[in-house]
Amino acid sequence: MEGAYRAKKSLGQNFLTDPRYVRRIIALADLQPSDFVCEIGPGKGVLTAELLKSCRRVVAIELDGDLVDRLRRRFREDLRCGRFRLHRQDVLQADWEAILPEEPVKFVGNLPYNISTRLLIRMTQMTKRFQRATFMVQKEVAERILADRGGRDYGYLTLLLGLYFRVEAGFDVPAGAFRPSPKVQSHVLRLSPRSKLPPVAVRESFETLISAAFRQRRKTIWNNLKALVSSEPIRKAMLEGAKVDPGMRPEQVEFKQFLAMANLMSSAGEGSRKRK
């Protein structure tokens with residue numbers, strides 16, 4: 001029997017222990033017996049055990065060496081037969097080409113709060129490598145991702161992930177479902193890569209545009225874009241072409257309007273010039 005393990009605050013560890021929520025994560029992930037799953041942050045292996053019952057193979061990425069040793073002992077038979085692979089690695093530095101198979105995979109994981117936003121942003125660069133991601137994140141982060149236009153949570157993360165993924169709300173997970181209990185609630189959501197994306201130049205312009213637009217939320221969209229597009233005629237043409245009132249706040253601008261402005265900015269060569 002495994003001895004007690006003390007969670008490490010430096011790694012943002014809070015272990016899901018309530019089996020009801022483990023089952024709900026598995027259900028939301030909609031796994032098939034033929035699926036290849038990549039689990040991020042398996043921890044003590046509570047979710048891993050259910051994943052191995054639900055799909056063909058699981059590869060897991062865990063940074064904590066102590067937990068890696070525990071996982072190797074717990075799943076030694078699955079490791080031996082090749083149904084389970086385990087990498088000790090910082091997921092933010094992961095070599096996905098080496099870890100993932102050629103076939104599309106499904107991601108599942110309870111993401112550490114301290115890296116969730118950075119990891120989600122990184123995953124926009126690898127949309128062709130996976131079919132779906134079912135992730136638990138801090139509820140505050142989920143609210144920013146799922147926010148509607150006009151709300152205080154609507155911003156860069158909402159728009160960026162909306163460009164690359166179809167995002168679906170799942171369910172909340174209370175602090176009491178973890179040991180140790182975090183001070184916040186969590187939320188499980190699903191991300192499915194979009195089958196069609198704008199050209200690379202437009203995507204780059206879009207990311208640059210929304211970063212500038214939300215730099216100072218209390219300013220108008222016109223004023224926020226001055227530092228990005230110095231030419232007043234081009235800036236005016238962008239806003240007019242996207243049917244955006246210059247006096248609007250950034251949170252009032254729709255996704256499709258930002259995309260239209262990105263197209264115009266890319267055509268004018270503004271996005272690439274500002275990134276150099």
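Helix H3 (residues 65-74) lies across strand S3 (57-62) and strand S4, and runs at about 165° to S4. Helices (H or I, at least four residues) and strands (E, at least two) are DSSP runs, numbered from the N terminus. Angles run from 0 to 180 degrees between N-to-C directions, and axes are lines fitted to C-alpha atoms, for helices over the stretch in contact. Contact itself means heavy atoms within 4.5 Å. The model is a predicted one, so local features need pLDDT of at least 70 and side-chain atom pairs count only at pLDDT 80 or more, while totals for chains, interfaces and linings use all residues. Residues are numbered from 1 along each chain as its sequence is written, and side-chain values use heavy atoms, with hydrogens and water left out.

Now for the sheet. Seven strands form an open sheet with mixed pairing, in the order S4-S3-S2-S5-S6-S9-S7. Strand S4 (84-88) and strand S7 (165-173) sit at the edges with a single partner strand each, so one side of each has no neighbour in the sheet. On average, neighbouring strands are turned by 15° against each other, direction ignored. Two strands count as paired if DSSP finds at least two bridges between them. In general, strands of a sheet pair through backbone hydrogen bonds, either parallel or antiparallel.

Strand S2 (residues 36-40) and strand S5 (residues 105-110) pair in the parallel sense, over four bridges. Here Ile 40 stands opposite Gly 109 of S5. S5 also runs parallel to S6, joined to it by six bridges, and in S6 the bridge partner of Gly 109 is Phe 135. Strand S6 (residues 130-138) is largely enclosed by the rest of the structure, because eight of its nine residues are buried. Buried means under 20% relative accessible area, exposed over 50%, and partly exposed in between (1.4 Å probe, protein chains only).

Thr 48, in helix H2 (residues 46-54), is buried too, with a relative accessible area of 0%. Leaving aside neighbours within four places in sequence, Thr 48 is in contact with Glu 39, Pro 42, Phe 75 and Phe 84.

Elsewhere, two helices pack together. The axes of helix H8 (residues 156-164) and helix H9 (residues 200-213) come within 9 Å and cross at roughly 165°. That makes H8 roughly antiparallel to H9 (angles under 35 degrees count as roughly parallel, over 145 as roughly antiparallel, 65 to 115 as roughly perpendicular and the rest as oblique). Tyr 156, Leu 159, Leu 160, Leu 163 and Tyr 164 in H8 meet Arg 203, Phe 206, Glu 207, Ile 210 and Ser 211 in H9.
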